[in-house]
Amino acid sequence: MRTRRHRSAALLTALTLAALTGCGAQVAEEGKGDSAKASGSGHYPVTITNCGTKTTYAKAPRRVVTNDVGIADIMFALGLEDHMAGYVMPEYRGKLDAVAWKDAYGKVPWLSKKSITKEIALDAKADLVFAGWNYGFGEDSDVTPASLKKLGIGSYVLTESCRNGSDGGQGSARGVMPPLDALYTDLKTLGKIFDVEDRADALIATYRKQIADAQAKAPKDGARPTVFLYDGGQDKPMTSGRFAGPHDIITKAGGDHVMKDLDDSWTTVGWESVVERDPDVIVINDYGTPTAAQKKAFLKSYGPLKNVSAIKNDRIFVLDYADLVESPRNPAAVAALSGYLRNVGGH
């Protein structure tokens, strides 16, 4: 079994080397024949910067594999399902009934309901893996842009997850710009890579308007409820710093994010800091087990929180995982939370 797998991996490596869309004379030469229409348009080659790394594409990738729901959402919102070999996503994160791109999820192969692996990428003959640090990329799993490059597979890193070095050089702290700017950056950059810039610009304009409309109705300074994002955890809560989606969602919706001083995306804090900051509202990130109802029951029964305003007044609001990670669902989440906070403003 191992010998067969190794032979398969070697063969697929050779195949994917030819499809890689990065720099290199061999790739550029092949791009002339395979992308005559694109080359004729003068669009390619294009050079982009992603998490500080410059990459040149001789043509649009044709066999993209994504990891996690928000990342697949970005590809589908841009109408790029024909450029995908498949997506990897846990089933509990995939509430798809109401999304505009539901049909694309049915069209593109669902490769795994676990986490992406190098074997999955090779088996799919991927020419690009679109994932993020802690959204599929990680040294523990040895699925990184560097390890994929050795297999002839390109990478695009979710901008929300770009590492910022603010944790004393350990390299794991994430976030280099406001979360919604990260979404707009990825839409714009992917629009350039896949020659769909008009589509990307239209989406960005729509999302900006949706958020501006919500902001216009949101609580103003002086009446902004304080908000804590609860992802999970009992010994220590997982929450959002200022570089994860919830920060912008809370702020644009008219809330005051109590963990806005954390220079990270998703991270853990101590319960004492939650008690000290006494949030008026707690937003629960709903995915998998424990369920949102179970998380709410824990929060309401946890002794140290009994005097926290959100608990005393039963001000707990639930948003879905896909609403809160970087995705095209973020603007709708702003609108939904804004509607809730309007009833809390002036507390």
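Predicted model: local features only at pLDDT ≥ 70, side-chain atom pairs only at ≥ 80, totals over all residues.
Val65 stands opposite Val129 in strand β6. Val65 belongs to strand β3, which spans residues 64-67. Three bridges join β3 to β6, and the two strands run parallel.

Now look at the other neighbour of β3. Four bridges join β3 to β4, again in parallel. Here Thr66 stands opposite Tyr87 of β4.

Strand β6, residues 128-133, leads on to β8. Four bridges join β6 to β8, and these strands run parallel. Phe130 has Tyr156 as its bridge partner in β8. Strand β8 covers residues 154-157, and both of its faces are covered too. Gly154 and Tyr156 are buried on one side, Ser155 and Val157 on the other.

Next comes an open sheet of four strands. Their order is β11-β9-β13-β14, and the pairing is parallel. Which strands form the edges? They are β11, residues 256-257, and β14, since each pairs on one side only. Strand β9, residues 226-230, is joined to β11 by two bridges. Within that pairing, Val227 has His257 as its bridge partner.

Helix α12 touches β9, β13 and β14, and its direction makes about 145 degrees with that of β13. Helix α15 touches β9, β13 and β14 as well. The direction of α15 makes about 170 degrees with that of β14.

Turn now to charged side chains. Side chains of opposite charge can pair when their charged atoms come close. The structure holds twelve salt bridges. One of them joins Arg329 and Asp73, at 2.5 Å from N to O. Are the two partners buried or exposed? Arg329 is buried, with a relative accessible area of 9%. Asp73 is buried as well, at 0% relative accessibility.

A second salt bridge joins Lys107 and Asp82, with the closest N and O atoms 2.6 Å apart. Lys107 sits in helix α5 and Asp82 in the loop between α4 and β4, so this pair ties together parts that are 25 residues apart in sequence. Lys107 counts as exposed, at 51% relative accessibility. The cut-off matters here: exposed means over 50%. Asp82 has a relative accessible area of 48%, so Asp82 is partly exposed.

Asp314 and Lys296 meet at 3.7 Å, N to O. Asp314 is in the loop between α13 and β14, Lys296 is in helix α12, and the two are 18 residues apart. Asp314 counts as partly exposed, at 36% relative accessibility. Lys296 is partly exposed too, at 29%. Lys296, Lys300 and Asp314 form one network, joined by salt bridges that share partners.

Terms used
Residues numbered from 1 in each chain as written. Heavy atoms only, no water. Salt bridge = Lys/Arg side-chain N within 4 Å of Asp/Glu carboxyl O. Buried < 20%, exposed > 50% of the residue type's maximum accessible area, 1.4 Å probe, protein only. Pairing = 2+ DSSP bridges. Contact = heavy atoms within 4.5 Å. Axes fitted to C-alpha atoms, helices over the stretch in contact; angles between N-to-C directions.
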